[in-house]
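Keep the sequence at hand as you go.

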Amino acid sequence: TKKYTIGKGMMRLSKMVLKRQDLAFIARPCLEKLAQVTDETVFLGIREHDTIKAVDIVEAEKEFKVSSTIGAKLPLTAGAVGKIFLSAMSNEEVAAYIAEKGLPQYTENSITDSDSLIKEIEKIRRLGYSVDTGEYLKGVQAAASLIYQCGSPIGAIWLVGFSNSIIDRNMDHIIRNLKHAAEQINDRLSANSALLKDLRENC
């Protein structure tokens, strides 16, 4: 009837949806490979305000594994994945966020002191990954790494398993493969961005 048109709000929403779909589509092969080589459940997520939203999940094939659903949300202070997202912020921004929101004690291993958390985040920035040993869920360990596109962090991948399966002698193997998967996703995102730019310039 030509009485209605798509407004700016709907355009912004559609771009957000497409961006998430592109990220999940591009990252999927790397998530599957990581889950296969580590035999642990792998997540892909983005930050949404004070939460982290899982946009894709590849579960381990073994019988006893960590499970979840796409769309599940975690607090920004949740263990390894929370710390990796906080590491994308400056120390001042982290301190301000903690002052406003606080640091919940999820388990006896949770970091509840702001100075200790900032020191941990500084270490994470140097290493390029974060880990936790039952900081968010008792008996569960995790490792996480940021995903970048054009030099800016747009999400993260993290791997989660029960503490009795992620033991010390497996952690080096897990972290090495986690970082490799993150680098592969970064490369795929960069290639996709370059392709889209080339298409726009030649249309």
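Helices here are DSSP runs of H or I with at least four residues, and they are numbered from the N terminus. The model is a predicted one.

With that numbering, go to helix 5, which covers residues 168-201. Asn186 sits in this helix. Is Asn186 buried or exposed? Its relative accessible area is 17%. Buried means under 20%, so Asn186 counts as buried. Which residues does Asn186 touch, once neighbours within four places in sequence are set aside? They are Leu146, Ile147 and Tyr148.

Now turn to the sheet. Strands of a sheet pair through backbone hydrogen bonds, either parallel or antiparallel.

Strand 4 pairs with strand 5 (residues 140-149) in the antiparallel sense, over four bridges. Val131 stands opposite Ala143 of strand 5.

Next come the charges. Side chains of opposite charge can pair when their charged atoms come close. How many salt bridges does the model hold? The count comes to 11.

One of them links Arg28 to Glu32, with 3.0 Å between the closest N and O atoms. Both residues belong to helix 1 (residues 8-38). They are four residues apart, so about one helical turn separates them. Arg28 is partly exposed, at 29% relative accessibility. Glu32 is also partly exposed, at 39%.

Another salt bridge joins Lys101 and Asp50, again with closest N and O atoms 3.0 Å apart. Lys101 lies in helix 3 (residues 91-101), while Asp50 lies in the loop between strand 1 (41-48) and strand 2 (51-58). The pair therefore ties together parts that are 51 residues apart in sequence. Lys101 is partly exposed, with a relative accessible area of 41%. Asp50 is partly exposed too, at 31%.

Lys101 also meets Glu100 in a salt bridge, at 3.7 Å from N to O. Glu100 is exposed, with a relative accessible area of 62%.

Terms used: Residues numbered from 1 in each chain as written. Predicted model: local features only at pLDDT ≥ 70, side-chain atom pairs only at ≥ 80, totals over all residues. Heavy atoms only, no water. Pairing = 2+ DSSP bridges. Helix = DSSP H or I, 4+ residues; strand = E, 2+ residues; numbered from the N terminus. Buried < 20%, exposed > 50% of the residue type's maximum accessible area, 1.4 Å probe, protein only. Contact = heavy atoms within 4.5 Å. Salt bridge = Lys/Arg side-chain N within 4 Å of Asp/Glu carboxyl O.
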